[in-house]
Amino acid sequence: MKNLIFVVIAGAVAVVAYFVLGQSKDDSVTEAVQAVTEQVEAVQDAAEEAADAAETTVTEAVEGAADAAADATAAATDAAEEAATAATDVASEATDATTEAVSEAAESATDVAAQAGDAAATGVTDLASVFTADGFDLAKVSEVIDGSSLGALQKASLKTAIESAANNPEMLTQALDTAKQALGL
């Protein structure tokens, strides 16, 4: 851009000098040429100053953009660090909560197992008393036999023998003992 301005100004000076020198050759022409030359030099100086000012403005703008980019990068880095810290905290809290839940579930399962074991022991004791002549209850005996894994024919046979012996304590004891053995009690 600077060179183009110089070429245009030099061309203008040459044109003016041609017309002025070609018309007359006195001191006024010399003065005119000097005046034009001074004006050309003034225009050149102004053009150089304008170019320097434009260069300074562009340099400052580039430096400002670089500073802004550095600030944005720093802010993004800070935000990423904060996000990573927050994610770590959330993961830690989730791990703690999961550990606590698993621990509570294990305790609960242990309690349930203990209760089931107690109930099973009590149930076996209760069943044993149901299958005696003293604690005999036909409905409970039939219910236990029906709920067992015995085959249908064996269930029917045991229930029929117990129902037939219900009025005879000796036969009832034998029928109940046979049922206990079949049930594994």
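Is Glu-143 buried or exposed? Glu-143 is exposed, because its relative accessible area is 58%; in the terms used here, buried means under 20% relative accessible area, exposed over 50%, and partly exposed in between, with a 1.4 Å probe and protein chains only. Glu-143 is placed in helix H3.

Before I continue, a word on the source. This is a predicted model, in which local features need pLDDT of at least 70 and side-chain atom pairs count only at pLDDT 80 or more, while totals for chains, interfaces and linings use all residues. Residues are numbered from 1 along each chain as its sequence is written, and side-chain values use heavy atoms, with hydrogens and water left out.

Let me turn to the chain as a whole. Its secondary structure consists of five helices and zero strands, in the sequence pattern α-α-α-α-α. Helices (H or I, at least four residues) and strands (E, at least two) are DSSP runs, numbered from the N terminus. Of the 185 residues in the protein chain, 11% count as buried. Contact here means heavy atoms within 4.5 Å. Among the chain's contacts between residues at least 6 apart in sequence, 47% join residues at least 24 apart.

I come now to the helix pairs. Helix H3 spans residues 138–146 and helix H4 spans residues 152–165; they pack at an angle of about 165 degrees, with their axes 10 Å apart. H3 is therefore roughly antiparallel to H4. Axes are lines fitted to C-alpha atoms, for helices over the stretch in contact, and angles run from 0 to 180 degrees between N-to-C directions. Angles under 35 degrees count as roughly parallel, over 145 as roughly antiparallel, 65 to 115 as roughly perpendicular, and the rest as oblique. The crossing of H3 past H4 is right-handed; a crossing is right-handed if the near helix is turned clockwise from the far one by less than a right angle, and left-handed if anticlockwise.

Which residues meet in this pair? From H3, Leu-138, Val-141, Ser-142, Ile-145 and Asp-146 meet Lys-155, Leu-158, Lys-159, Ile-162 and Glu-163 of H4. The residues of this contact of H3 with H4 comprise five nonpolar, one polar and four charged. For that division, Ala, Val, Leu, Ile, Met, Phe, Trp, Tyr, Cys and Pro count as nonpolar, Asp, Glu, Lys and Arg as charged, and the others, Gly among them, as polar.

The next pair is H4 with helix H5, residues 169–183, packed at an angle of about 160 degrees with axes 8 Å apart. H4 and H5 are therefore roughly antiparallel to each other, and their crossing is left-handed. On the H4 side, Gln-154, Leu-158, Ala-161, Ile-162 and Ala-165 take part, meeting Met-171, Leu-172, Ala-175, Leu-176, Thr-178, Ala-179 and Ala-182 in H5. The residues of the contact of H4 with H5 divide into 10 nonpolar, two polar and no charged.

The largest nonpolar core has 12 residues, including Val-130, Phe-131, Val-141, Leu-150, Leu-158 and Leu-172. Such a core is a set of buried Ala, Val, Leu, Ile, Met, Phe, Trp, Tyr and Cys residues joined through side-chain atoms within 4.5 Å. H3, H4 and H5 are the elements that give two or more residues to this core, and H5 supplies the largest share, four residues. In soluble globular proteins, nonpolar side chains tend to be buried together. Leaving aside neighbours within four places in sequence, Phe-131 is in contact with residues including Val-141, Ile-145, Leu-176, Ala-179 and Leu-185.

Finally, the loops. Ser-148 lies between H3 and H4 and counts as buried, because its relative accessibility is 17%. Not counting residues up to four places away in sequence, Ser-148 touches Lys-155 and Leu-183. Ala-133 lies in the loop between helix H2 (27–130) and H3, and is partly exposed with a relative accessible area of 36%. Beyond neighbours within four places in sequence, Ala-133 is in contact with Leu-172, Thr-173 and Leu-176. Asn-168, in the loop between H4 and H5, is partly exposed at 31%. Asn-168 and Ala-133 are 35 residues apart in sequence and 9.6 Å apart in space, C-alpha to C-alpha.
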